[in-house]
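This report describes the fold of one protein chain and the surroundings of selected residues. Please consult the sequence and the structure alongside the text.

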Amino acid sequence: MIRVDIETIIMAAGPVPSVIVLRERGAEGSSDAPLRALSIQTGSYEAAAVSRGIEGSEGARPITHDLMLDVIKKLGGKLERIEINRVDVPVFYASVVLENNGGEERHVDARPSDALALAVRTNAPIFVEDDVMNRAGSISYRTEDDKEKELERFDEFARSVTPDDF
């Protein structure tokens, strides 16, 4: 299993799917290897639920993910981790791994978007099966220097743009 983090959420509307991008965590002391990314298409409501969990915003009433975590907690369990463990392109499969107060783990089948929405609310680790990453992931050769240069170019553009350019 590969530990990943949510890199970005691309929100879309209408028939266009939203995308959640997961990025492989870099190995300690190994900055030369390119990091892999996994893009998972999802609906706009599901992407919004993940985003809402990242922001930590709470509504007046709990949404389904908040309710689920409350039930797990009240039953003496905790969300240990989530695993994205299978892909039949374009469909991904995930498990929510719960641990009871005796330390026993239970795997519960879930949609990746629901599993991610739960994970971000509890700061639970997110894992992707190596085979899934190899089959459906992509490799990014961008370095931190590339990101800095891109930000510098955008900053330069933002300072130089005028209303006449539009």
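Contact here means heavy atoms within 4.5 Å. Among contacts in the protein chain between residues at least 6 apart in sequence, 52% join residues at least 24 apart. The model is predicted, so that local features need pLDDT of at least 70 and side-chain atom pairs count only at pLDDT 80 or more, while totals for chains, interfaces and linings use all residues. Residues are numbered from 1 along each chain as its sequence is written, and side-chain values use heavy atoms, with hydrogens and water left out.

**Overall architecture**

The protein chain contains five helices and eight strands. Helices (H or I, at least four residues) and strands (E, at least two) are DSSP runs, numbered from the N terminus. Along the sequence their order is β-β-β-α-α-β-β-β-α-β-α-β-α. Of the 166 residues in the protein chain, 29% are buried; buried means under 20% relative accessible area, exposed over 50%, and partly exposed in between (1.4 Å probe, protein chains only). The protein chain exposes about 11,000 Å², and carbon and sulfur atoms supply 50% of this area. Accessible areas come from the Shrake-Rupley method with a 1.4 Å probe; for residues, only the protein chains shown count as cover.

**Strand pairing**

Two strands pair if DSSP finds at least two bridges between them.

| Strands | Bridges | Direction |
|---|---|---|
| Strand 4 and strand 5 | Nine bridges | Antiparallel |
| Strand 5 and strand 6 | Six bridges | Antiparallel |
| Strand 4 and strand 7 | Three bridges | Parallel |

Strand 4 and strand 5 form a hairpin with two residues between them. Pro90 lies in this loop, between strand 4 (78-88) and strand 5, and the peptide bond from Val89 to Pro90 is cis, with omega near 5°. Strand 5 and strand 6 also form a hairpin, with five residues between them; in its turn, Gly103 has a positive phi of about 90°.

Individual partners can be named for these pairings. Leu79 stands opposite Leu98 in strand 5, and Leu98 has Arg106 as its bridge partner in strand 6. Glu83 has Phe127 in strand 7 as its bridge partner.

Leaving aside neighbours within four places in sequence, Ser95 is in contact with Arg81, Ile82, Glu83, Asn85, His107 and Val108.

The charged end of Arg86 sits over the ring of Tyr93, 3.8 Å from the ring centre. A charge sits over a ring if NZ of Lys or CZ of Arg is within 6 Å of the ring centre and within 35 degrees of the ring normal.

The buried residues of helix 3 are Pro112, Ser113, Ala115, Leu116, Ala117, Leu118 and Ala119. Ala117 belongs to helix 3 (residues 112-122) and counts as buried because its relative accessibility is 0%. Apart from neighbours within four places in sequence, Ala117 is in contact with Ala49, Val50 and His65. The C-alpha atoms of Ala117 and Arg52 are separated by 8.3 Å, although these residues are 65 residues apart along the chain.

Just after helix 3, Asn123 takes a positive phi of about 60°. Most residues other than glycine have a negative phi, and most peptide bonds are trans. Asn123 is found in the loop between helix 3 and strand 7 (126-128), and Asn123 counts as exposed because its relative accessibility is 69%.

Leu69 lies in helix 2 (residues 64-74). At 16% relative accessibility, this leucine, Leu69, is classed as buried. Beyond neighbours within four places in sequence, Leu69 is in contact with Leu118, Arg121 and Thr122. The C-alpha atoms of Leu69 and Leu79, ten residues apart along the chain, are separated by 7.9 Å.
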